[in-house]
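Please keep the sequence and the 3D view at hand while reading.

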Amino acid sequence: MLDALLAKFSTAHATIGVVGLGYVGLPLVRALHAAGFRVIGFDIDASKIEKLTKGEAYLKHLGDTLVRELAASDRFTPTSDPSALVVCDAICICVPTPLGHHKDPDLSYVESSTRMIANVLRTRAAGLTLISLESTTYPGTTREVCKSILDAAGLALGRDYLLCFSPEREDPGRQGVDTSTIPRLVGGVDDASTRAGVAMYSRAVKQVIPVASAEVAEAAKLVENIYRSVNIALVNELKPVFATMGIDIWQVLDAAATKPFGFQRFSPGPGLGGHCIPIDPYYLTWKAREFGHATRFIELAGEINSAMPHYVVDRVAHALNDDRKPMRGSRVLVLGIAYKPDVDDIRETPAAEIIELLQSRGCDVSYHDPHVPEFPSMRKYQISLASVPLSAATLANVDCVVIVTDHRTIDWTLVGQHARLVVDSRNAMSRAQAPKARIVKA
């Protein structure tokens, strides 16, 4: 059965299921479909299935062409019916892995998806299905959680299923790269699972790297994001230090980056956003405690990065105070609420906490974001605001502009010409020509 499955993958005659059609799952669908596979996309969100059926985009950074092509294809089926997955030769799990209230892993989506897949496979007379977990998690999840659920359902590794971990490496909005061009790690719970995972992904991804086990692949993904978290925390910690000394951190980093070896530039900001960096490191800190280890470096980085929204708001307070204005009653315009430039992705955006902090201090807050017309509902925040037009009148009518996200489409010269006070957490105003506003770095 393994040889037959490998042959299906190598010739793209397999049917692949993708569970979870969000920021990870939908780009994976694109890559698998482009490779010639028949793809079944599953999601419990009926609105996503309806939009995919009609060819309507719900992830704007992926564009309209993708969903139109998928809707017109006889090799793609979007569904909310789990039984449709019974024909799949492989099923990729691309569901969220958020944190609980105490920064503990919430694997409920992984567990429920695995149970669903187990129930589907039990209805099949015979066959071997590869299951690939792509959701970022702690080392041991694939074997200890997913395999245990499958085994408890009466399924057998090697007879009914193969199981691997292949971490997603999506970066929404990054130009020139996509799922098919980003190198892919694959680690199975046994050698056969690794072979099958490599065979499937190799058809859709240019470079696939097998690793020794699922645990190595799980740990590698966490290390990638911890590396970023720690280095961002370093420059975020240096930012207020240099500001007190009257030194511009961005100028310092420009200077340091001229060294052609031994230095990689990371930029400070108003806090961390996206699914990966604010969340993933805590998966390792939680698991490390099970083995009696404290990950102080990782936790310190998390504390520093989590404090940045408060630092930005404190800079707003001091800047308004210098203008003899109290925060209560001041009109503040936040520019950009997406967690990174040029996308509509607001997952874990620091803008939510910044806006809430400003409102709690009595500010009259509005925002402008060309990619996010309305502030969506979030797990921790319910903010009832809609994007306002960015105009000379809008800028002149506020006491302070706070830059959280430096979208390229924002006219920074317009901001500099018509705002009175700008608190800039991204060094965006360095792009403005002859600004008249007072600019405070944050």
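Ser229 has a relative accessible area of 3% and is buried, where buried stands for under 20% relative accessible area, exposed for over 50% and partly exposed for the range in between, with a 1.4 Å probe and protein chains only. This is a predicted model, in which local features need pLDDT of at least 70 and side-chain atom pairs count only at pLDDT 80 or more, while totals for chains, interfaces and linings use all residues. Residues are numbered from 1 along each chain as its sequence is written, and side-chain values use heavy atoms, with hydrogens and water left out.

Ser229 belongs to helix H8; helices (H or I, at least four residues) and strands (E, at least two) are DSSP runs numbered from the N terminus. Leaving aside residues up to four places away in sequence, Ser229 touches Leu272, Ile277, Pro281, Ala301 and Asn305, a contact being heavy atoms within 4.5 Å.

Another serine, Ser213, sits in the loop between strand S8 (208–210) and H8. Ser213 counts as buried at 14% relative accessibility. With residues up to four places away in sequence not counted, Ser213 touches Arg143, Gly187 and Gly188.

Helix H8 (residues 214–244) also gives the most to the lining of the second largest pocket, namely 7 residues. That pocket holds about 1300 Å³ of space. It is lined by 41 residues, and the closest to its centre are Asp171, Arg174, Arg228, Ile277 and Lys340.

The search of the whole structure also finds 1 cavity of 30 Å³ or more. The largest cavity has a volume of about 50 Å³, and its lining consists of Pro167, Glu168, Arg169, Glu170, Thr179, Ile182, Pro183 and Arg184. Both kinds of space are defined on a 1 Å grid over the protein atoms alone: in a cavity a 1.4 Å probe fits but cannot get out, while a pocket is an open set of points with protein on both sides within 12 Å along at least five of seven lines, and lining residues have an atom within 4 Å of a point. Grid points are joined across faces, edges and corners, and a volume is the space filled by probe spheres set on the points.

As a whole, the protein has 15 helices and 13 strands. Its C-alpha trace spans about 75 × 50 × 40 Å along the principal axes. Buried residues make up 54% of the 442 residues. Among contacts between residues at least 6 apart in sequence, 69% join residues at least 24 apart.
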